[in-house]
Amino acid sequence: MLPKAELHLHLEGAASPDLVRRLAARHGMALPADLFDARGEFAWTNFLHFLKVYDAASTVIRTDGDYRDVTYEYLKACAAEGAIYVELMSSPDHAAAAGLSYQGHLDGIVQGIEDARAETGIESRIIVTCVRHLGAERGVEVAKLAAKHPHPLVTGFGMGGDEAGFPPLLFAQAFRIAHEEAGLACNVHAGETAGPESVWAALRLPVTRIGHGVRSIEDPALLRELADRGTVLEVCPTSNIATKVYPDYRAHPLRKLMEAGVKVTLNSDDPPYFATTIGHEYDVAERHFGLDEAALRQMTRTALQAAFVDEPTRARLIARLDS
């Protein structure tokens, strides 16, 4: 199988419906009746409703053992599809809402990474994220937690949530703390549910990657800026179709972004919510965007070159790709 790498994956959003049910049973929790559809999959209608369903499902992840299981099961599934590297965006806010400390949720994720690596050889790192719609002050608190509890597997800081209602620059202080005090590389969601202006604002933060960023296609000057900077877009095609950013793959700008000289990678975002996997995203890129094996291999190389890892690890991963 072609070696694959993923940079944009929300850990709480990686728990499958089956795992959510198992964790609910573990804790004796009753799940909302409308959480799943008739097929047993997550049921949501639009982006804001998706966020609510995501939050509701995440409440079952309550202990370090739960976080270990979510991490381990996801990474093991990725490895089975040929993935050699995955970055996991964790949410201390979701852990706190379930009553778990920052250190507790981190311990569980680290254990899951180590167990999956020992079994499959897959490598992984953690991006701590704040949630936009919880406000800028909470973003600062999350950044301070990351600075207070350093770990070699925590290499990044980012932000997700309601992009349209909470512009990137509201969180400038959080990113300054994460980058300057915690020494973390940074990415941020932009150009998904908001337009090019969101990406322009994000570029004023200390970021080297943009989560999604696909609506940059609407501004030729922004495309030139991204290409000149070498900023990497973490593109999630199936997610963008599911959340109706674009009506179908034919309308999706993946190829046009590449043709404009912008660096792009393939990612699954919240796979069980969008009926996808990292392997499926590579298949989509081949089937719907006409990317051949060389182009797909370059996607993996771009991801590894942009990964938030130390240089010896990066070299080992690229050697695996080349072998």
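This is a predicted model: local features need pLDDT of at least 70, side-chain atom pairs count only at pLDDT 80 or more; totals for chains, interfaces and linings use all residues.
View 1. Residues are numbered from 1 along each chain as its sequence is written, and side-chain values use heavy atoms, with hydrogens and water left out. His 189 sits in strand β5 (residues 185-190); strands are DSSP runs of E with at least two residues, helices are runs of H or I with at least four, and both are numbered from the N terminus. At 6% relative accessibility, His 189 counts as buried, because buried means under 20% relative accessible area, with exposed over 50% and partly exposed in between (1.4 Å probe, protein chains only). The side chains of His 189 and His 10 are joined by a polar contact of 3.0 Å, that is, a pair of N or O atoms within 3.5 Å; within protein, one must be able to donate a hydrogen and the other to accept it, and residues adjacent in sequence count only if both atoms are side-chain atoms.

**View 2. The annotated binding-site residues together.** UniProt, in an unreviewed entry, lists His 8, His 10, His 189 and Asp 269 under "binding site". These residues are spread over 262 residues of sequence, yet they cluster in space, with a largest C-alpha distance of 11.6 Å. UniProt positions follow the numbering used here, feature names are shortened, and annotations may be inferred rather than shown by experiment.

View 3. Asp 269 lies in the loop between β8 and α12 and is buried, with a relative accessible area of 3%. Among the residues that Asp 269 touches are Glu 6, His 8, His 10, Glu 192 and Cys 236. A polar contact of 3.4 Å joins the side chains of Asp 269 and His 212.

**View 4. The largest cavity.** A search of the whole structure finds one cavity of 30 Å³ or more, and about 260 Å³ of space lies in the largest cavity. On a 1 Å grid over the protein atoms alone, a cavity is a set of points where a 1.4 Å probe fits but cannot get out, and lining residues have an atom within 4 Å of a point. Grid points are joined across faces, edges and corners, and a volume is the space filled by probe spheres set on the points. The lining holds 24 residues, with His 10, Leu 51, Tyr 54, Gly 160 and Gly 161 nearest the centre. Helix α2 gives the most to this lining, with five residues.

**View 5. Arg 314 in helix α15.** Arg 314 belongs to helix α15 (residues 311-322) and is buried, with a relative accessible area of 11%. A polar atom of the Arg 314 side chain lies 2.9 Å from the backbone oxygen of Ala 307. Arg 314 also touches other residues, including Leu 304, Gln 305 and Val 309.

Conventions:
On a 1 Å grid over the protein atoms alone, a cavity is a set of points where a 1.4 Å probe fits but cannot get out, and a pocket is an open set with protein on both sides within 12 Å along at least five of seven lines; lining residues have an atom within 4 Å of a point. Contact means heavy atoms within 4.5 Å. Lists of a residue's contacts leave out its neighbours within four places in sequence.
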